[in-house]
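Here is a briefing on one protein model.

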Amino acid sequence: MNERMLLRGGTLLGLGRADLLIEHGLIRAIAPSLPQTDAEIVDVSGKLLMPGMVDTHRHTWQTLLRGLGCDWSVLDYLAAVRVKLAPAFSAEDVYLSNYAGALEALDSGVTTLVDHAHCINSPEHADAAWSGLRDAGVRALFAYGFAANDPPDSGHFATHAARIAHARSWCSMRGSELVRIGVALSEMQIPWAETRAEISCARELGLPLTFHCASWPVPGMSQVERLSVDGLLGPDMLLVHCTHCSDDDLRRIADSGAAISATPETELQMGMGFPIIGRALRHGIRMSLGCDVVCSNNADPFAMMRLALQAERGVTNARAGLPVRLELSVARMLPMVTSEAAASIGLAATVGTLREGMQADIVMLATDTLNLSPMPVHDASLVTQAHAGNVQDVLVRGRFVKRAGKLVGVDLPTLQRKLSVQRAALLERVGGPDQLLSELPMLLRHWNIGQAEVGAGTRSA
Ligand SMILES: [Zn+2]
């Protein structure tokens, strides 16, 4: 790691031209012009500097499945990924997916991931998933997933109590400055006592929690109300989707200090309803964004912001008829992948803004491209114009992980070959691509007779 580095002559998002001094991985000074010292000088003139972005909901283990589900409904997804493919993932598959997925994030300017890791089929899978993120050099909240994917005869986690016991010991032993540990709850339709046990486990260990919530309507008491009635909602929670939250639910979430992660592309494709962004913001809830699954959709953070913005505008404009003004401004979007996203996982004082004392997680965009010319690239209009291909340099904790358009220390052709080989082997193990939806009729039968009949851990994206 460079101990002292001066980024000279860049344009800081929202600020204009400035120099930025990094010492020991931290931003030490920002000023229009800083004096020359013994720091390594890096000329960044012509580049736009912005905070490293934060994706608050991604199942990184699904990187190996990229693009398979572009036309999948949610039931297709559940049948193929959660029922068929997840149990067939080896620990090596999970490692490779997380390693390559985290590199993809860095490549596109996402320096912090919330990895909802719900493919922990064995203790080795947990080690592999965590190691993949660590080796890629991404900053992450690795959320240990309780979801049960393992085949019943595998010998791993034969009971829910066994899984909790493993999580308790594993989570207390892991974690690093860059890859912290959290917990991802099973879907909340599993027996409520088990959900409570998972929450208790996280709280005893002092770990943040994340979970899919209110992705579609459920009869009776809502999930949020149930959590609230039992006194379980809290500021250590990141709820995902919440597309079917009532206003009462949103008030409960706001009162608790919990945050919401919306995943516009999966929510729109899979029929989870419209992203909750506008309603949640009106309730004063902290909002952030995630790409969820690359098996179906894209992980470009700029595309994610743009889709979220325009989907919300579509909803409010349709209600207004011909709108006099747009309710959601473009300036509200960047914080959802920077400062607000960081705050939603307890990193408000660590990353998400470029200011003195923060970790030097920095993205630099090349502006000598036609898609960013001419425009005042220091402001939020960037959201509607930029794409991941504009990301030229990326620093995590003051260290270049991408430089001059290339990931540092990554043998890309070899990695791509490995991905192709392991994906082909995985698909062969489940009977080939033609068999991916073979469990759909079973799932539909169960779905038609009520959600309680569907196997635990198979109900949400
Ligand atoms: Zn998800």
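A salt bridge here is a side-chain nitrogen of Lys or Arg within 4 Å of a carboxyl oxygen of Asp or Glu. The side chains of Arg 203 and Asp 236 meet that rule, with N and O 2.7 Å apart. The model is predicted, so local features need pLDDT of at least 70, side-chain atom pairs count only at pLDDT 80 or more, and totals for chains, interfaces and linings use all residues. Residues are numbered from 1 along each chain as its sequence is written, and side-chain values use heavy atoms, leaving out hydrogens and water.

**Salt bridges**

- The rule gives a count of 24 salt bridges.
- Arg 203 lies in helix H5 (residues 192-205), and Asp 236 sits in the loop between helix H6 (223-229) and strand S11 (237-241), so their pair ties together parts that are 33 residues apart in sequence.
- Helices (H or I, at least four residues) and strands (E, at least two) are DSSP runs, numbered from the N terminus.
- Arg 203 is partly exposed at 31% relative accessibility, and Asp 236 is partly exposed at 25%.
- Buried means under 20% relative accessible area, exposed means over 50%, and partly exposed lies in between (1.4 Å probe, protein chains only).
- Asp 393 forms a salt bridge with Lys 47, with the closest N and O atoms 2.6 Å apart.
- That pair links distant parts of the chain: Asp 393 is in strand S15 (residues 391-396) and Lys 47 is in strand S5 (residues 47-51), 346 residues apart.
- Asp 393 and Lys 47 are both buried.
- Asp 19 pairs with Arg 17 in a salt bridge, the closest N and O atoms being 3.4 Å apart.
- Asp 19 is buried, at 1% relative accessible area, whereas Arg 17 is partly exposed at 48%.

- Two packed helices are described by the angle between their axes and the distance between the axes.
- Axes are lines fitted to C-alpha atoms, for helices over the stretch in contact, and angles run from 0 to 180 degrees between N-to-C directions.
- The axes of helix H2 (residues 91-107) and helix H13 (residues 412-429) come within 11 Å and cross at roughly 140°.
- That angle makes H2 oblique to H13.
- Angles under 35 degrees count as roughly parallel, over 145 as roughly antiparallel, 65 to 115 as roughly perpendicular and the rest as oblique.
- H2 passes H13 in a left-handed crossing; left-handed means that the near helix is turned anticlockwise from the far one by less than a right angle, and right-handed means clockwise.
- On the H2 side, the contact with H13 is made by Glu 92, Asp 93, Leu 96, Tyr 99, Ala 100 and Leu 103.
- On the H13 side are Leu 415, Lys 418, Leu 419, Gln 422, Leu 426 and Arg 429.
- Contact means heavy atoms within 4.5 Å.
- The residues of this H2 and H13 contact divide into seven nonpolar, one polar and four charged.
- Ala, Val, Leu, Ile, Met, Phe, Trp, Tyr, Cys and Pro count as nonpolar, Asp, Glu, Lys and Arg as charged, and the others, Gly among them, as polar.
- The axes of H2 and helix H3 (residues 123-136) come within 7 Å and cross at roughly 25°.
- H2 is therefore roughly parallel to H3.
- H2 passes H3 in a right-handed crossing.
- Residues of H2 that meet H3 include Val 94, Tyr 95, Asn 98 and Leu 106.
- Among their partners in H3 are His 125, Ala 128, Gly 132 and Leu 133.
- The H2 and H3 contact divides into eleven nonpolar, four polar and two charged residues.

**Backbone exceptions**

- Most residues other than glycine have a negative phi, and most peptide bonds are trans.
- The peptide bond from Ser 373 to Pro 374 is cis, with omega near -15°.
- Pro 374 is in the loop between strand S14 (362-366) and helix H12 (382-385).
- Arg 397 has a positive phi, near 50°, and lies in the loop between S15 and strand S16 (399-403).
- Arg 397 is partly exposed, at 22% relative accessible area.
- Ala 404 has a positive phi near 50°, and its place is the loop between S16 and strand S17 (406-407).
- Ala 404 counts as exposed, at 59% relative accessibility.

**A buried leucine**

- Leu 113 is in strand S7 (residues 110-117) and is buried, at 0% relative accessible area.
- Not counting residues up to four places away in sequence, Leu 113 touches residues including Asp 55, Arg 58, Ala 102, Leu 133 and Leu 141.
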